[in-house]
Amino acid sequence: MFDISVNLTHVQFNKDLNLVIDRAVNKGINGMLVIGSNIIDSYRAYTIVKKYNNYCWSTVGVHPHYASLWKEDTIKNIYSMTSKKKVVAIGECGLDFYRNKSSIKEQLFAFNAQLELASSLFMPVFLHCRNAFHIFIKELSPWISKIPQSIIHCFSGNKYELEQCLSMNLAIGISGLFFNKQYRSSSINDLKLIPQDYLLTETDSPFLSFKKIQNNHYYNIIKNRNEPLFLYYLLQNIAYIRNEDFKSLQIYTEKNARNILKI
């Protein structure tokens, strides 16, 4: 199993990161993509990757929440980090018109700058989109033929949005968010519409815990924090909805992640 989105730089993991990694590995998680959300965070992600070299890879980029912090040397710093062996994608980048922590203008600038860099390096992009789908697709479209297959993470859109993403060759990251009905704008059965070659799985821990794990004894022990180990239970639920063999799902979703990230 491969968790394509873990926020291990978050303060919630400061005191027990070793235990978090151990619990995940013991549950069969063979790989984790540690997400960078700004320059400082991306450096911290890479530090974690170096420590847990056998299980972790990282991204480098600027999340739309931090687009207002973009400086003249930001793109140079991102470019510099992409040369590191374990940095395998640019992002998390995209658009977020739900929280609007940065202006639309700032978000568009940061998004396009990172897409341009990804196209020049032919690196996959780790994408974020919330309440901005039509503009997101419009901005992404000119670049999509210039970058390798990329990832839209924590997908929770409707059938039309899913079809649009698939038509642009985007791999679909499914998290516990998809099982929380209030955050999903589609039918749970839309999970069946994702081709096997395009399905990825993620916890986005420590965020986005989903109701189906909240009676799990681990969940109570770690005081209601989402962790990479819960990917195991997420895949159980995905396998049930898609009527697929659990072991096969584990194998092909991990293969997809490794193929896209070239690891």
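Author: Start with the pocket. The model is predicted, and its largest pocket has a volume of about 1100 Å³.

Reader: Which residues lie nearest the centre of the largest pocket?

Author: His63, Asp96, His128, Arg130 and Asp204 lie nearest its centre. The lining has 39 residues. Two or more lining residues come from each of α2, β4 and β5 (125–130). The largest share, four residues, is from β5.

Reader: Which residues of α2 are buried?

Author: Ile39, Asp41, Ser42, Ala45, Tyr46, Ile48 and Val49. An α-helix has 3.6 residues a turn, so residues three or four places apart point the same way.

Reader: What covers the buried residues of α2?

Author: The cover includes two helices, α1 (17–26) and α3 (74–82). It also includes the strands β2 (31–34), β3 (56–60) and β4 (87–96).

Reader: What does asparagine 38 reach at the start of α2?

Author: A side-chain oxygen of asparagine 38 comes to within 3.2 Å of the backbone nitrogen of isoleucine 40. The cut-off for a polar contact is 3.5 Å.

Reader: How do you know how many disulfides there are?

Author: Two cysteine sulfurs must lie within 2.5 Å. By this rule the count is zero. Take cysteine 129: the nearest cysteine sulfur belongs to cysteine 165 and is 7.5 Å away, and cysteine 129 is in no disulfide. For cysteine 154, the nearest cysteine sulfur is that of cysteine 129, 12 Å away, and again there is no disulfide.

Reader: Why is cysteine 129 called partly exposed?

Author: Its relative accessibility is 23%.

Reader: Why is serine 175 called buried?

Author: Its relative accessible area is 0%, so the label is buried. Serine 175 sits in the loop between β7 (171–174) and β8 (199–201). Not counting residues up to four places away in sequence, serine 175 touches Cys154, Glu202, Leu208 and Leu234.

Reader: What makes valine 6 buried?

Author: A relative accessibility of 0%. Valine 6 is part of strand β1 (residues 2–6). Leaving aside neighbours within four places in sequence, valine 6 is in contact with Met32, Leu33, Val34, Ile35, Thr203, Ser205 and Pro228.

Reader: Glutamate 227 has a charged name. Why is glutamate 227 called buried?

Author: The number decides. Glutamate 227 has 0% relative accessibility, so it counts as buried. Glutamate 227 lies in the loop between α7 (217–221) and α8 (231–242).

Reader: Which side chain does glutamate 227 join in a polar contact?

Author: That of arginine 23, at 2.8 Å. The limit is 3.5 Å, so the pair of glutamate 227 and arginine 23 counts as a polar contact.

Reader: Which residues does a cis peptide bond join, with omega about 20°?

Author: Glycine 91 and glutamate 92. Glutamate 92 is in strand β4. The peptide bond from serine 205 to proline 206 is cis too, with omega near 10°. Proline 206 lies in the loop between β8 and α7.

Reader: What makes the phi of asparagine 100 worth a flag?

Author: The value is positive, near 50°, in a residue other than glycine. Asparagine 100 lies in the loop between β4 and α4 (104–121). At 39% relative accessibility, asparagine 100 counts as partly exposed.

Reader: Asparagine 243 next. Why is asparagine 243 called exposed?

Author: Asparagine 243 has a relative accessible area of 70%. Exposed means over 50%, so the label holds for asparagine 243. Its phi is positive, about 55°, although asparagine 243 is not a glycine. Asparagine 243 is found in the loop between α8 and α9 (246–261).

Technical notes:
Residues are numbered from 1 along each chain as its sequence is written. This is a predicted model: local features need pLDDT of at least 70, side-chain atom pairs count only at pLDDT 80 or more; totals for chains, interfaces and linings use all residues. Side-chain values use heavy atoms; hydrogens and water are left out. Buried means under 20% relative accessible area, exposed over 50%, partly exposed in between (1.4 Å probe, protein chains only). Contact means heavy atoms within 4.5 Å. A polar contact is a pair of N or O atoms within 3.5 Å; within protein, one must be able to donate a hydrogen and the other to accept it, and residues adjacent in sequence count only if both atoms are side-chain atoms. On a 1 Å grid over the protein atoms alone, a cavity is a set of points where a 1.4 Å probe fits but cannot get out, and a pocket is an open set with protein on both sides within 12 Å along at least five of seven lines; lining residues have an atom within 4 Å of a point. Grid points are joined across faces, edges and corners, and a volume is the space filled by probe spheres set on the points.
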